[in-house]
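Hi everyone, thanks for making time. I'd like to walk you through one chain today, so please have a look at it with me.

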Amino acid sequence: MRMTAIPFGTTDWTTITPTQHAGDTGMASWRTRTFGDIRVRMVEYTPGYLADHWCEKGHILLCLSGELTTELADGRIFVLKPGMSYQVADGAEPHRSSTEIGATLFIVD
């Protein structure tokens, strides 16, 4: 990832209007900023959320609160708790997320 032509700035995430994204179960609320080709999101998953697709996009993801379970297509499972992160490249390993208790994430992709 190369970051160019992005002037210094701050973001008050509480002022960004969220968009709602339904999962197979539960909802994801995204507050999104875009800087060139880089998307930055604050995402809140409701308890019981299960993604409606296997994602192949690359991300850097930080769990801020709650607990997120990420399943890879090969069957491996990872659980993120606050302060934990993961990173995956575009097209590298299909993954999908779920949460029993809800989670808030900061995601760069």
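Let me start with a question: which residues does Thr104 touch, not counting residues up to four places away in sequence? Touching here means a contact, that is, heavy atoms within 4.5 Å. The partners of Thr104 are Met42, Val43, Glu44, Leu62, Cys63, Leu64 and Ser65. Thr104 itself sits in strand β10, which covers residues 103–108. With a relative accessible area of 18%, Thr104 is buried. For that word I use under 20% relative accessible area, while exposed is over 50% and partly exposed is in between, with a 1.4 Å probe and protein chains only.

A quick word on where this comes from. It is a predicted model, so please keep in mind that local features need pLDDT of at least 70 and side-chain atom pairs count only at pLDDT 80 or more, whereas totals for chains, interfaces and linings use all residues. Residues are numbered from 1 along each chain as its sequence is written, and side-chain values use heavy atoms, with hydrogens and water left out.

Now the overall picture. The chain has 10 strands and zero helices. Both are DSSP runs numbered from the N terminus, with helices being H or I of at least four residues and strands being E of at least two. Its radius of gyration is 14 Å, close to the 13 Å from the globule rule for 109 residues, so the chain is as compact as a globular protein of that length. That radius is taken over C-alpha atoms, and the rule is 2.2 Å times the number of residues to the power 0.38. The C-alpha trace spans about 40 × 30 × 25 Å along its principal axes.

How much of the chain is buried? Of the 109 residues, 33% count as buried. Among contacts with a separation of 6 or more, 57% are between residues 24 or more positions apart. The accessible surface comes to about 6,700 Å², and 55% of that belongs to carbon and sulfur atoms. Those areas come from the Shrake-Rupley method with a 1.4 Å probe, and for residues only the protein chains shown count as cover.

On to the charges. There are 9 positive and 13 negative side chains, and the centres of the two sets lie 6 Å apart. Lys and Arg count as positive and Asp and Glu as negative, with His and the chain ends not counted. The place of each charge is NZ of Lys, CZ of Arg, CG of Asp or CD of Glu.

As a reminder, side chains of opposite charge can pair when their charged atoms come close.

Let me show you some of them. Lys81 pairs with Glu67, and their closest N and O atoms are 3.8 Å apart. Lys81 is in the loop between β7 (77–80) and β8 (85–88), and Glu67 is in the loop between β5 (59–66) and β6 (68–72), so this pair ties together parts that are 14 residues apart in sequence. Lys81 is partly exposed at 42% relative accessibility, and Glu67 is partly exposed at 29%.

Next, Glu71 forms a salt bridge with Arg96, with 3.2 Å between the closest N and O atoms. Here Glu71 lies in strand β6 and Arg96 in strand β9 (residues 95–99), so the pair ties together parts 25 residues apart in sequence. Glu71 is partly exposed at 25%, and so is Arg96 at 24%.

Then there is Glu93 with Arg76, whose closest N and O atoms are 2.4 Å apart. Glu93 is in the loop between β8 and β9 and Arg76 in the loop between β6 and β7, so to speak 17 residues apart. Glu93 counts as partly exposed at 33%, as does Arg76 at 37%. Ala5 has a phi near 55°, a positive value in a residue other than glycine. Ala5 is in the segment before β1, and Ala5 is exposed, with a relative accessible area of 83%. Thr15 is found in that segment before β1 (19–22) too, and Thr15 counts as exposed at 56% relative accessibility.

Terms used
Salt bridge = Lys/Arg side-chain N within 4 Å of Asp/Glu carboxyl O.
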